[in-house]
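Welcome! Please take a moment to look at the sequence and the 3D view, and then let us walk through a few places together.

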Amino acid sequence: MNIILFGPPGAGKGTQAKYLVDILKGFQISTGDMLREEIKKNSDIGKKIINYMNDGKFVNDEIVNKIIENVINDKKKKGKLIFDGYPRSINQAKNLDFLLKNSNQKIDFIFFLNVSKDTIIKRIEKRKILEKRSDDDLSTILKRYDTYMDTTRPVLDYYNKNSGFYEIDGALKIEEITAKIGTILNV
Ligand code: AMP
């Protein structure tokens, strides 16, 4: 079962992805985490992307799509993909479709965690203290939110007619969201 967790930054995608990894024995595909890892390693990719990430800007599609291609071609992850933070644009959604089709896979469920801008700002300010992410300060949060509204939210139109598409109120408590997802997946 392949799943996309969709929603603005701070919607709780990462938290729910960890739960799904646990119960489905799946693999969390967080492009954000993988990119942060490249920066930590100070790799060539890391050096190229650090300024974009700190500014809250998208990393180049070529880099992100390559990371996703490697994941999809990894046989042990086949049919157990939990996407968190990808796709983030129509182009990325089309690329994902193309790669999945080529490996005889599809997306089975899409959970849209819908949260208001005010809730996001409060949550990310809390996360900044806990995780010390350099892209979690207020001006960067606002920039990331605008990018989400302009570029990522239109991806919903690409998916919302899909039979596995579900919108969930992302302002609910973590356990309530988890329970809703669990009921839909019947796990
Ligand atoms: P996240 O951890 O998902 O909030 O992502 C943190 C940052 O990583 C984003 O603000 C972007 O700079 C970069 N990033 C993560 N996923 C993508 C993606 N699918 N496309 C482009 N940039 C991304």
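## A buried tyrosine and its partners

Let us begin with Tyr-148. Is this residue buried or exposed? In this predicted model, Tyr-148 has a relative accessible area of 4%. Because anything under 20% counts as buried, Tyr-148 belongs in the buried group. One of its partners is Tyr-145, and the two ring centres are 6.2 Å apart. The planes of these two rings meet at 40°, so the pair is described as tilted. Tyr-145 and Tyr-148 sit three residues apart in helix H7, which is about one turn of that helix. Both of these tyrosines are buried.

Which ring from strand S1 pairs with Tyr-148? The partner is Phe-6, in a tilted pair with 6.3 Å from centre to centre and 50° between the planes. Strand S1 covers residues 3-6 and helix H7 covers residues 138-152, so this pair ties together parts that are 142 residues apart in sequence. Phe-6 is buried too, with a relative accessible area of 2%.

## The wider set of rings

A handy rule for reading these values is that a pair of aromatic rings is described by the distance of the centres and the angle of the planes. How many aromatic pairs does a search of the whole structure find? The search finds eight. Ring pairs also join Phe-6, Phe-112, Tyr-145 and Tyr-148 into a cluster.

## Around the ligand

Now let us turn to the ligand. How many residues surround it? There are 16, and the closest of them are Thr-31, Arg-36, Lys-57, Arg-88 and Gln-92. Sorted by class, this shell is made of six nonpolar, four polar and six charged residues. Helix H2, which covers residues 31-41, gives the largest share of the shell, with four residues.

Some of the atom-to-atom distances are worth looking up. Thr-31 places a polar side-chain atom 2.8 Å from a nitrogen atom of the ligand. The side chain of Arg-88 has an N or O atom 3.0 Å from a ligand nitrogen atom. For Arg-133, the distance from a side-chain N or O atom to an oxygen atom of the ligand is 3.2 Å. How much of the ligand does the protein bury? On its own the ligand exposes 480 Å², and the protein buries 96% of that.

## Two residues in loops, joined by polar contacts

Asp-136 lies in the loop between helix H6 (117-131) and H7. Its relative accessibility is 1%, so Asp-136 counts as buried. Which side chain does Asp-136 reach with a polar contact? That partner is Arg-144, at 3.0 Å. Leaving out residues up to four places away in sequence, Asp-136 touches Ile-124, Arg-127, Lys-128, Ile-141 and Arg-144.

Gln-105 is in another loop, the one between helix H5 (90-102) and strand S4 (109-114). With a relative accessible area of 10%, Gln-105 is buried. Its side chain has a polar contact of 3.0 Å with the side chain of Asn-2, and another of 3.0 Å with the side chain of Ser-103. Beyond the neighbours within four places in sequence, the contacts of Gln-105 include Asn-2, Ile-72, Lys-78 and Leu-100.

## Two glycines to find

Where is Gly-56? Look in the loop between helix H3 (44-54) and helix H4 (61-72). Gly-56 and Thr-140 are 84 residues apart along the chain, yet their C-alpha atoms are separated by 5.5 Å. Setting aside residues up to four places away, Gly-56 touches Thr-140, Arg-144 and Thr-147.

Gly-46 is found in helix H3 and counts as buried at 3% relative accessibility. From Gly-46 to Asp-97 there are 51 residues in sequence and 26 Å in space, C-alpha to C-alpha. Apart from residues up to four places away in sequence, Gly-46 touches Glu-38 and Ile-39.

Notes:
Residues numbered from 1 in each chain as written. Predicted model: local features only at pLDDT ≥ 70, side-chain atom pairs only at ≥ 80, totals over all residues. Heavy atoms only, no water. Near = heavy atom within 4 Å. Polar contact = N/O pair within 3.5 Å; in protein donor to acceptor, adjacent residues only side chain to side chain. Areas by Shrake-Rupley, 256 points an atom, 1.4 Å probe, with all protein chains shown as cover. Nonpolar A, V, L, I, M, F, W, Y, C, P; charged D, E, K, R; others polar. Phe/Tyr/Trp six-rings, centres within 6.5 Å; stacked < 30°, edge-to-face > 60°. Buried < 20%, exposed > 50% of the residue type's maximum accessible area, 1.4 Å probe, protein only. Contact = heavy atoms within 4.5 Å.
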